[in-house]
Amino acid sequence: LLLCFILLRHIIKIKKCALHLISYLYKLYRLSKNQRRSPSKIKKLQEEKLCALLRHAYTKVRYYRTLFERAGITPEDIRHIEDINKIPLTTRKDLQRLSREEITASDTDWAHCVNLRTSGSTGAPLGIFINYQEIRQRALSCWRMYFGNGGKLSYRELIVTTPQHFMGTNWMQRLGILKIRYMSLLDSVEKQIKTISEFKPHIIDGFSSCLKILALEIKNRKLSGIKPRILFTTAELFTEADRKFIASFFQSELFDRYACNEVGIIAVECKVHNGYHIDADNVIVEFIKEDGTKAEAEEEGEIVITSLNSYTMPFIRYRLGDIGVPSDEKCPCGITLPLM
């Protein structure tokens, strides 16, 4: 009887994991289809999500209610993407000076939330609150990038990041797919190299500078056998020379992504490597010139983002402090999401 009970529990767990996988793959399929939708359909999707987000923020987030009232507007005044400039900009400092209760939704279930923090690379870090559903949505965007650039279910992925971003074993790992190991960028180089040698990852994902340091150390020590198939980089800009060195040393294709802790992925490279495709179905990206007007194609502008999936702690017309250049080119890879 005891053996039957244990076996039954395992069968139930396996069935739940399988159902999770089917559900995840279906959602990923739908998200992947967005990459090839026409610009008009993406714009319509953005506007639908934006209107829903603004109603939520106005009703349930004290900061945005006050912001709208001071500007003399309501969510009904923003119907189209072009109307978004009616909303005042928000900075990190604006949010840092307020309490958690003022910048998060009043109906937040804190038992199902986590607290992230920005890196602090551009100043004091900001606490970010995100629920489990939003975490899953961010994960789907990551998997779209992963599979779109050559990742496979059987691949082992090593993620080099800060300990706050370590995740526990999930149902995917229990099914024996998408094997992931986390490695702290704070670990000594010796420990990092040992981890890589033991795990033998097909993919290494990490900060640009960390991968450069690893490549230099492995080269100087004349170590062999560390040949991942794909490299994903993020967090920092790096020179074209560094990029070529890392990719050629590891003999791997390198894909960079533009992301932040506030909203997750903003834009990613494709196999053409001619700029970054904006995750336009998840985030609205504006490029604002110094005079406050919209930057046209090939003009520099300050990047302002609106996350269309952030309901616990909304980021609406949020100034990241970065500079970017929009592009009106069409990418030959077939992805229709706009380039920057």
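The protein chain contains ten helices and twelve strands. The structure is a predicted model, and the values reported here are computed from it.

The overall dimensions of the protein chain were examined next. The C-alpha trace spans about 60 × 60 × 40 Å along its principal axes. Under the criterion of less than 20% relative accessible area, 45% of the 340 residues of the protein chain count as buried. When contacts between residues at least 6 apart in sequence are considered, 62% of them join residues at least 24 apart.

Empty space was then considered. Rolling a probe the size of a water molecule over the atoms shows where such space is left. The second largest pocket holds about 1,100 Å³ of space. Its lining is formed by 36 residues, of which Gln46, Ile81, Val285, Lys294 and Pro338 are the closest to the centre of the pocket. Helix H2 (39-60) and strand S10 (283-288) each contribute at least two residues to the lining of the second largest pocket. Strand S10 gives the most, with six residues. By residue class, the lining of this pocket comprises 20 nonpolar, seven polar and nine charged residues.

Note on methods:
Residues are numbered from 1 along each chain as its sequence is written. This is a predicted model: local features need pLDDT of at least 70, side-chain atom pairs count only at pLDDT 80 or more; totals for chains, interfaces and linings use all residues. Side-chain values use heavy atoms; hydrogens and water are left out. On a 1 Å grid over the protein atoms alone, a cavity is a set of points where a 1.4 Å probe fits but cannot get out, and a pocket is an open set with protein on both sides within 12 Å along at least five of seven lines; lining residues have an atom within 4 Å of a point. Grid points are joined across faces, edges and corners, and a volume is the space filled by probe spheres set on the points. Helices (H or I, at least four residues) and strands (E, at least two) are DSSP runs, numbered from the N terminus. Ala, Val, Leu, Ile, Met, Phe, Trp, Tyr, Cys and Pro count as nonpolar, Asp, Glu, Lys and Arg as charged, and the others, Gly among them, as polar. Buried means under 20% relative accessible area, exposed over 50%, partly exposed in between (1.4 Å probe, protein chains only). Contact means heavy atoms within 4.5 Å.
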